[in-house]
Amino acid sequence: MRGFVYRIYPNKKQEVGLNIMFQAKRFVWNHFLEINMGRFEEKLGILSYNKMSSLLTELKQLHKWLYKCEKSVLQNTLKDLSEAYTHFFEGSMKYSEKTIEHAKKTGKEFTFYNLEGHPKFKSYKNPYQSVQMSLTNNNIEVIEKEATYTPSGKYKKQNCKIKLPKIKNVKIAYSRQYEGRILSAAVSRESDGKFYISLCCADIPEKAVELTHVKVGIDLGIKVFATISDGKAIPNPKYYEVNQKKLVKLQKQLSHCKKGSNNRNKARLKLNKCHKKIYNSRLDFLHKTTTDLIRAYDIICIENLKPKEMQKEKYLAKSISDASFSEFKTLLTYKMEHPKKQLVVIDQYYPSSQKYRPNCCNCDYQNKMLKDLKIRTWTCPSCGVEHDRDINASKNILREGLKQIS
Ligand SMILES: [Zn+2]
C-alpha cells in the first residue's frame, strides 16, 4: 500500500462540509471515549467496534446532523478508537501496581486517562484536523482534465477535480497519477489552513521493464555531457551558452531601469522568462537522457560528483551548472528504482576521476604525463592500448562499480 498526497482547494461551501465532518468525527470519538472510560472504571470492559457501530446508528437518530457526515468517516473513527484501546492495553505494563503506587507517592492524582497511550479527547482547538473516507461504489474518483507540461518537468493536469462523498467535486492539484486501486482517502486541514488529500492505494503494479543485461560506466563531463563505456556519447546541449548573450542583454536592460518603475518590472519579467526557458529545456534534456539510459542498460555505474567543489574552478563553473550533474543523478536514481535495475555510485576520488592522471583501463598503469586536459586520446606506454580519455574513464568507473557490488 502506498499513499499519494495532493493539495486540494475546497470552495467555501465544501469547506463548510469538511468542517462538519471534522466536527462529527470529534463528536463521535469523544462520545464513545467517554462511555468507554466509564465502563473501564466500573470494570465492564471496553465496547467492541461492532457494538459501538450499532450504537452509532442510535446516536445518529438523536443527532440528525451527523447524517451530513460521510458514513465511512464515522465508522473509521470507531475503528481508530477501538485500535487506540488495543494499543493501550498492549502496553498495559505501563499501569502496573507499581505505576499506581508511584503516582500516589508523588502526590499526583492517578487516572487511567493520564496514562501514556490512553486515547485522548479530540479538540476543535487543534488546528490539524483529518477524516478518512473509504471507497465504496466509486464515491472517490479523480476527474482528469487536459494534461499540461510544467516547469519541474512533470506532468501537470490542470483543472482536475476529485469526487468525494457528500462534498462532490473538489479542485485538486493533480501533480502525478496515483497508481493501483484507491482504498481510502484521508482529507486533512493542516495548521496553516491548507487542505490536503492522501489517497491510500493498493495493488500498485510493478512497472514492466525489458532487461538488456548490459552493464556500463558513465563518465560525466563538460564538453561531452556523458561518455558511456560502450563507446556512445551524449553531447552537452549547452542551452546556457546559446542563451547567454540574450541573458546578458536582458540583465543590462534591467540594471538600466529605474527602481520601482514599470519598465523595470517588464525587464525583470523578460529576464525571468529567459531563465525559465533555459531551465525547462535543460530539464527536458535530462528527462529524455535518463529515460534512454535506463531503457538501454541494466547496471549503470557513475561517479559521486560534487559539483560545488568543481565549481570552484571558475572557467568550468558555467558549463557545470549548465550540465546539471546533480539533477541528472537525482533523476537517474529515481528512474533506476526497479528491482531488476541497479545504479552504482562510486566515490569521486577513485583515480578514474583524477582526470589529470588517468589509469589505463586495460592494465591499470597510471599515466602521470597526461595533465593537459586538451589531450583527448593517448596510448598506454605499458600495454600499448589506445585510449579516448573519456571512454577510458567510463570503463574505469564500470570496473570500480562492479567491484563494489560483487
Ligand atoms: Zn595499459
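In this predicted model, the axes of helix α2 (residues 49-62) and helix α3 (residues 71-90) come within 10 Å and cross at roughly 145°. The crossing of this pair is right-handed. On the α2 side the contact involves Tyr49, Met52, Ser53 and Leu56, which meet Leu74, Gln75, Leu78, Lys79 and Ser82 of α3.

Helix α3 also packs against helix α1, at an angle of about 40° and with the two axes 9 Å apart. The arrangement of α1 and α3 is therefore oblique. The crossing of α1 past α3 is right-handed. From α1, the residues Met21, Ala24, Lys25, Val28, Trp29, Phe32, Leu33 and Asn36 take part in this contact, and from α3, Val73, Leu74, Thr77, Leu78, Leu81 and Tyr85. In an α-helix, residues three or four places apart point the same way, because there are 3.6 residues a turn. Among the α3 residues, Leu74 and Leu78 meet α2, and Leu74 and Leu78 also belong to the contact with α1.

Strands β2 and β8 are antiparallel and share six bridges, and Met133 stands opposite Ala185 in β8. Strand β8 (residues 181-189) is in turn joined to β9 by eight bridges, again with the strands antiparallel. Here Ala185 stands opposite Leu199 in β9. Strand β9 (residues 195-202) is also joined to β1 (residues 2-9), through seven bridges and in the antiparallel sense. In that pairing, Phe4 stands opposite Leu199.

Strands β8 and β9 form a hairpin, with five residues between the two strands. Within the turn, Gly193 has a positive phi of about 90°. Arg181 lies in strand β8. The C-alpha atom of Arg181 is separated by 6.1 Å from that of Asp203, although the two residues are 22 residues apart along the chain. Leaving aside residues up to four places away in sequence, Arg181 touches Cys201, Ala202 and Asp203. Arg181 counts as exposed because 11 C-beta neighbours lie inside 10 Å.

A further helix pair is formed by α6 (residues 262-296) and α9 (residues 325-335), which pack at an angle of about 40° with their axes 10 Å apart. This angle is why α6 is described as oblique to α9. The crossing of α6 past α9 is right-handed. The residues of α6 in this contact are Leu286, His287, Thr290, Thr291, Leu293 and Ile294, and they meet Glu327, Phe328, Leu331, Leu332 and Lys335 of α9.

Helix α10 (residues 389-405) has 17 residues. From its first C-alpha to its last, α10 reaches 25 Å, close to the 24 Å expected at 1.5 Å a residue. The helix is mostly covered, with 12 of its 17 residues buried. These buried residues are Arg389, Asp390, Ile391, Asn392, Ala393, Ser394, Lys395, Asn396, Ile397, Leu398, Glu400 and Gly401. Their cover includes strands β10 (215-220), β11 (224-228), β13 (299-303), β14 (342-346), β15 (377-379) and β16 (386-388).

For the chain as a whole, 10 helices and 16 strands are assigned. Of its 406 residues, 24% count as buried. Among contacts with a separation of 6 or more, 61% are between residues 24 or more positions apart.

Methods:
Residues are numbered from 1 along each chain as its sequence is written. This is a predicted model: local features need pLDDT of at least 70, side-chain atom pairs count only at pLDDT 80 or more; totals for chains, interfaces and linings use all residues. Helices (H or I, at least four residues) and strands (E, at least two) are DSSP runs, numbered from the N terminus. A residue is buried if 20 or more other C-beta atoms lie within 10 Å of its own, exposed if 12 or fewer, and partly exposed in between; C-beta atoms are placed from the backbone. Two residues are in contact if their C-beta atoms, placed from the backbone, lie within 7 Å. Two strands pair if DSSP finds at least two bridges between them. The expected span of a helix is 1.5 Å times one less than its number of residues. Axes are lines fitted to C-alpha atoms, for helices over the stretch in contact, and angles run from 0 to 180 degrees between N-to-C directions. Angles under 35 degrees count as roughly parallel, over 145 as roughly antiparallel, 65 to 115 as roughly perpendicular and the rest as oblique. A crossing is left-handed if the near helix is turned anticlockwise from the far one by less than a right angle, and right-handed if clockwise.
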